[in-house]
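Please read the points with the structure open.

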Amino acid sequence: MAASPPVHSTGSAKRRSPWLRLLGGGAAAVIAAAGVMAVMPDASAAESTLGAAAAQSGRYFGTAIAASRLSNSTYSTIAAREFNMITAENEMKPDALQPNRGQFNFSSGDQIYNWATQRGLKVRGHTLAWHAQQPGWMQSLSGSSLRQAMIDHINGVMAHYKGKLAAWDVVNEAFNEDGSRRTSNLQGTGNDWIEVAFRTARAADPSVKLCYNDYNIENWSYGKTQGVYNMIRDFKSRGVPIDCVGLQTHFTGGSSLPGNFQTTLSSFAALGVDVALTEVDVTNSSTSQYAGLTQACLNVPRCIGITVWGVRDSDSWRSGENPLLFDGNGNKKAAYTSVLNALNSAGPGNPTSPPPSTTPPPSGDGTRIVGSQSGRCIDVPGATQTNGTRVQLYDCNGQAQQTWTLTSSKQLTVYGSRCLDAAGSGNGSAVQIYSCNGQANQQWNVNTNGTITGVQSGRCLDVWGSGNGQQVQIYDCNGQANQRFSRS
Ligand code: XIL
């Protein structure tokens, strides 16, 4: 196990519901029992980094990272400070991970993964099946041989990162501008190659979100957007596993923010998938376009996060267009401020925050959670999904090791004396953690302001009975660690 495993919980739920119960006297009783002062933070306080500001509404703000740049301290300092989701710019692409058939090389991908998770940042996987950046041996394949190579690649890569990533871009850029399928060696293996990729991916790692990712699908009236939309609709109707659509959002080189961008996001979301802006850059960093694309995401509850395609202008694949949020010297640009302000405007309690669940909580009497002193994360590294499997939760510093049992009813139950504790109940009593939409395998993101937000669902870690946007405090069994959770 890595020293700093990913945030990952096997907490699962059967219904759309908040997760942990603070019943009876509620938070006040817990606070009193712990004998410490409750300090409710100002929910309207503006955050000073992109990641923390996005987290206020349950979202993330990410960047693409190049492994070769991590040794530059200006670069890595900004990246670690501002962002809480990381995409490998090139290091998890097919040519990087399987340079020779059957021989995987995860060194650069792992370098980025380890750098991110050691800092408590999540990682998006990019990308498994793509017409570009294939290793030479794959480029020369076709037909059933290429189809099998694609399947083998997905299985090999996903096995390595199983349970560790927030999402995978399973298929990238498979459509033409007119909405037809792009001609490629992968398309030549049969029109079903995309759904085969997704089915393979789901089987390889059932816990990671599976995304289709593309560019020029931001304008709702554009042919390519409609082509992708129709595929997602078809997949959902036939049960092909897909969880999310990534809109690259390269507003550069002639394209710009369309007025109907929010319509596009909400239309995809209405199909039952999350949406994310995955590779944002904007020619000359237009402040209005940056603010507009950010606001469009904030206005759509299932828009779970935004990733910009690089840190400084000088790091961009289109550096000549100065399209990012930091200049070559690492200074914040005007576009940075426009994004930060938009994110802060959608903080706790703001109507644009993802809606809370309205379903009543399940029965049970869990009243407090034993958190790690670091308050960093809840993690089940590499845990199987088999009911009854005993798993361990680690904090991000590897300090706290708590043992849990995933029961047949998909609850995490107390095991031993280091526990998620239901006060007044003995060891072994069940407590329940629910994501707000009841999704299995919710991942949690502890933000710099101490709040926790869901990553996979983009929803919240919810304390039933507290008001929207209200922050509550949860104490460990010894009253040592105060961890704040925000209902968003
Ligand atoms: C780009 C990288 O930024 C470059 O460093 C590389 O040379 C080519 O690929 N769409 C995608 C990304 O999905 O993977 C691409 O990244 C940019 C366009």
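1. Basis of the note. This is a predicted model, in which local features need pLDDT of at least 70 and side-chain atom pairs count only at pLDDT 80 or more, while totals for chains, interfaces and linings use all residues. Residues are numbered from 1 along each chain as its sequence is written, and side-chain values use heavy atoms, with hydrogens and water left out.

2. Ligand shell. The ligand is surrounded by 13 residues, and the closest are E89, K93, H126, E173 and E279.

3. The side chain of E279 has an N or O atom 2.7 Å from an oxygen atom of the ligand. E173 places a polar side-chain atom 2.9 Å from a ligand nitrogen atom, and for Q133 the distance to a ligand oxygen atom is 3.2 Å. The protein buries 79% of the 410 Å² that the ligand exposes when taken alone, by the Shrake-Rupley method with a 1.4 Å probe.

4. Helices are DSSP runs of H or I with at least four residues, strands are runs of E with at least two, and both are numbered from the N terminus. Helix 11 (residues 287-298) and helix 12 (residues 334-345) have axes that come within 8 Å and cross at roughly 25 degrees. The axes are lines fitted to C-alpha atoms over the stretch in contact, and angles run from 0 to 180 degrees between N-to-C directions. Helix 11 and helix 12 are therefore roughly parallel, since angles under 35 degrees count as such. Helix 10 (residues 261-270) and helix 11 come within 9 Å, crossing at roughly 30 degrees, and are therefore also roughly parallel to each other.

5. Helices 8 and 9. What is the angle between helix 8 (residues 193-204) and helix 9? The two pack at about 50 degrees, with their axes 12 Å apart, and are therefore oblique to each other.

6. Backbone details. Most residues other than glycine have a negative phi, and most peptide bonds are trans. The peptide bond from H126 to T127 is cis, with omega near 0 degrees, and T127 is found in strand 3 (residues 122-130). N216 is not a glycine, yet has a positive phi of about 55 degrees. N216 sits in the loop between strand 5 (209-214) and helix 9 (223-238).

Methods. A residue is near a molecule or strand if one of its heavy atoms lies within 4 Å of it. A polar contact is a pair of N or O atoms within 3.5 Å; within protein, one must be able to donate a hydrogen and the other to accept it, and residues adjacent in sequence count only if both atoms are side-chain atoms. Angles under 35 degrees count as roughly parallel, over 145 as roughly antiparallel, 65 to 115 as roughly perpendicular and the rest as oblique.
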